[in-house]
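Hello,

Here is the structure you were waiting for. Please open it first, then read my notes below.

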Amino acid sequence: MEHLPVEVIGNIFAQLSAARDVMVASGVCRKWREACRKHLHSLSFNSDDFPRDMTTRQLEIVITQTIFQTMGLQCLSIHIDNTHEFSAAPVIAWLMYTRDTLRCLYYNIQTNPNVNILEKCGRQKLEVLDLDHNTITGVEPSYQRFTCLKSLYLRHVSISALDLSLLVAACPKIESLALDVLEIVTSDPLSTMELTSHTLKSLFVKTVGVDKIILDADNLEVLHLNALNLDLFELSGKGTLKHLKIDDVSVTHLDIGESTDHLEVVDVSNFMIVWPKFYNMISRACNLRTLRLWGVVFDDEDEIVDLETIAVSFPLLRHLSLSYELRDGLLHYSLQGLSPLENVLVLELGWTVISEHFGPWVFGMIEKCPNLKKLVIHGVLSEAKTREERKMLASFTSFIVCLMRKYVHVDVQFEYE
């Protein structure tokens with residue numbers, strides 16, 4: 001090690017996951033201390049890396065000393081659990097010391113009083129900002145402007161819908177936005193979140209307390225909605241959407257406009273849909289490669305998803321995932337039609353409640369996919385089973401063994417819950 005250039009040693013230290021290890025290394029010799037001071041560009045502090053009996057004041061001192069020994073820090077990650085509440089003064093000192101060179105900030109600290117991160121880090125070179133358990137108030141886009149920011153992640157953050165809109169507008173280069181469990185501060189019982197960005201490419205929204213989301217994003221490619229209860233979700237753009245994922249969402253009116261032409265992935269689970277309306281929304285996606293309908297509840301109990309329509313509409317489909325639903329003897333996924341799913345290489349099929357019809361349905365699905373390479377069976381197994389359920393499971397196992405003998409070229413896998 002003594003023959004390595006000090007810059008190389010600094011790069012090696014940057015790979016250490018914990019700042020605690022960097023602190024130990026910096027005490028080995030003068031050369032290593034110089035490497036940490038001049039050539040270390042990344043530091044990560046986590047309260048789990050320190051002794052549990054360490055006081056809040058001791059943690060503040062250790063972090064302060066470590067940060068102030070560095071020069072040109074580019075990535076700073078600080079995650080402190082809620083048993084510690086820091087004074088605002090040292091935290092502000094860390095941000096002021098590093099902000100001129102900082103590119104990435106991952107911040108999860110409880111302080112008293114609250115530290116205004118936007119005020120301390122605005123108008124700098126920050127490219128990634130990840131805030132957890134924080135409060136944002138009074139956004140001033142003319143002053144708190146993030147001209148270089150590309151990724152913004154807000155988790156367990158309290159913010160008004162207006163401030164969120166202003167914050168996004170203050171990031172003219174933003175490409176990725178994640179809103180995870182936000183408390184939207186509002187006096188309006190019917191709250192609306194309006195976001196506008198012409199550079200945004202990826203949006204993740206989970207458990208956000210609003211009734212309406214209106215999004216204007218010309219270049220959006222990835223949209224993921226999770227655990228939402230909405231009256232309205234409306235997207236207007238220029239048809240750049242490639243990946244649509246909807247999971248555990250209740251929405252009265254879903255409108256993604258003309259944004260579906262270039263869709264490659266549609267992943268819908270735990271969601272109530274009106275199939276003709278939903279199909280009409282995605283039917284123009286002639287480049288669709290992956291389609292997943294899992295745990296989907298149909299608005300009309302007599303509704304049937306016609307696989308013939310899927311085969312004709314999505315000729316490039318390579319990965320198809322369907323969960324088996326049988327209600328009152330009606331299977332929601334019809335095997336009728338002559339058009340094969342020629343390009344489907346991966347088929348995922350699953351059940352929540354098994355019946356004697358599941359095996360034949362699996363066989364019929366495989367026959368629809370002449371070039372299939374991989375079959376994944378998903379099942380739910382309850383601890384207590386009736387005699388009838390055990391019989392059906394045994395019958396299905398025998399059926400799958402026969403199927404594997406016939407389709408020896410297909411890799412069959414099982415995933416049970």
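The buried residues of helix H5 are covered by several elements, among them helix H4 (56-68), strand E2 (75-79), strand E3 (86-87), strand E4 (104-108), strand E5 (111-112) and helix H6 (117-121). H5 itself runs over residues 88-98. Its buried residues are Ala-88, Pro-90, Val-91, Trp-94, Leu-95 and Thr-98. Please keep in mind that this is a predicted model.

Trp-94 also has an aromatic partner. Phe-86 and Trp-94 pair edge-to-face, at 6.0 Å centre to centre and with 85° between the planes. Both Phe-86 and Trp-94 are buried.

**The chain overall**

The protein chain has 417 residues, and 45% of them count as buried. Its secondary structure comes to eleven helices and 24 strands. The C-alpha trace spans about 75 × 55 × 40 Å along its principal axes. Take the contacts with a separation of 6 or more: residues 24 or more positions apart account for 60% of them.

**The core**

The largest nonpolar core holds 125 residues. Leu-105, Leu-129, Leu-154, Leu-179, Phe-233 and Leu-375 have the most contacts inside it. Strand E12 (residues 222-236) brings the largest share of this core, six residues.

Which residues does Leu-105 touch, leaving aside those up to four places away in sequence? They are Leu-76, Leu-95, Ile-117, Cys-121, Leu-126, Val-128, Leu-129 and Asp-130. Leu-95 is one of the buried residues of H5. Leu-129 is itself on the list of core residues with the most contacts.

Three elements each supply at least two lining residues: strand E13 (243-255), strand E14 (265-273) and helix H8 (275-282). E13 gives the most, with seven residues. By class, the lining has ten nonpolar, five polar and four charged residues.

The second largest pocket has a volume of about 210 Å³. Thirteen residues line this second pocket, and the closest to its centre are Trp-294, Trp-351, His-378, Val-380 and Glu-417. Strand E15 (290-294), strand E22 (346-351) and strand E23 (374-379) each give two or more residues to the lining. What is the make-up of this lining by class? It divides into three nonpolar, seven polar and three charged residues.

**A cavity**

The count comes to one cavity of 30 Å³ or more. The largest cavity has a volume of about 50 Å³. Its lining is Val-22, Met-23, Ser-26, Cys-36, Arg-37, Leu-40, Thr-66, Gln-69 and Thr-70. Helix H2 (19-26) and helix H3 (30-39) are the elements that give two or more residues. H2 gives the most, with three. The lining has four nonpolar, four polar and one charged residues.

**Aromatic residues**

The whole structure has eleven aromatic pairs. Phe-363 lies in helix H10 (residues 358-367) and Phe-399 in helix H11 (residues 387-406), so the pair ties together parts that are 36 residues apart in sequence.

Trp-351, Phe-358, Trp-361, Phe-396, Phe-414 and Tyr-416 form it. Trp-351 is also among the residues closest to the centre of the second largest pocket.

Ser-160 is found in strand E7 (residues 151-160). Its relative accessible area is 19%, and the cut-off for buried is under 20%. Therefore Ser-160 counts as buried. Leaving aside residues up to four places away in sequence, Ser-160 touches Ile-184 and Val-185.

Best wishes

How values were computed
Residues numbered from 1 in each chain as written. Predicted model: local features only at pLDDT ≥ 70, side-chain atom pairs only at ≥ 80, totals over all residues. Heavy atoms only, no water. Helix = DSSP H or I, 4+ residues; strand = E, 2+ residues; numbered from the N terminus. Nonpolar A, V, L, I, M, F, W, Y, C, P; charged D, E, K, R; others polar. 1 Å grid on protein atoms, 1.4 Å probe; cavity = no way out; pocket = protein on both sides within 12 Å on 5 of 7 lines; lining within 4 Å. Points joined across faces, edges and corners; volume = space filled by probe spheres on them. Core = buried A, V, L, I, M, F, W, Y, C linked by side-chain atoms within 4.5 Å. Buried < 20%, exposed > 50% of the residue type's maximum accessible area, 1.4 Å probe, protein only. Contact = heavy atoms within 4.5 Å. Phe/Tyr/Trp six-rings, centres within 6.5 Å; stacked < 30°, edge-to-face > 60°.
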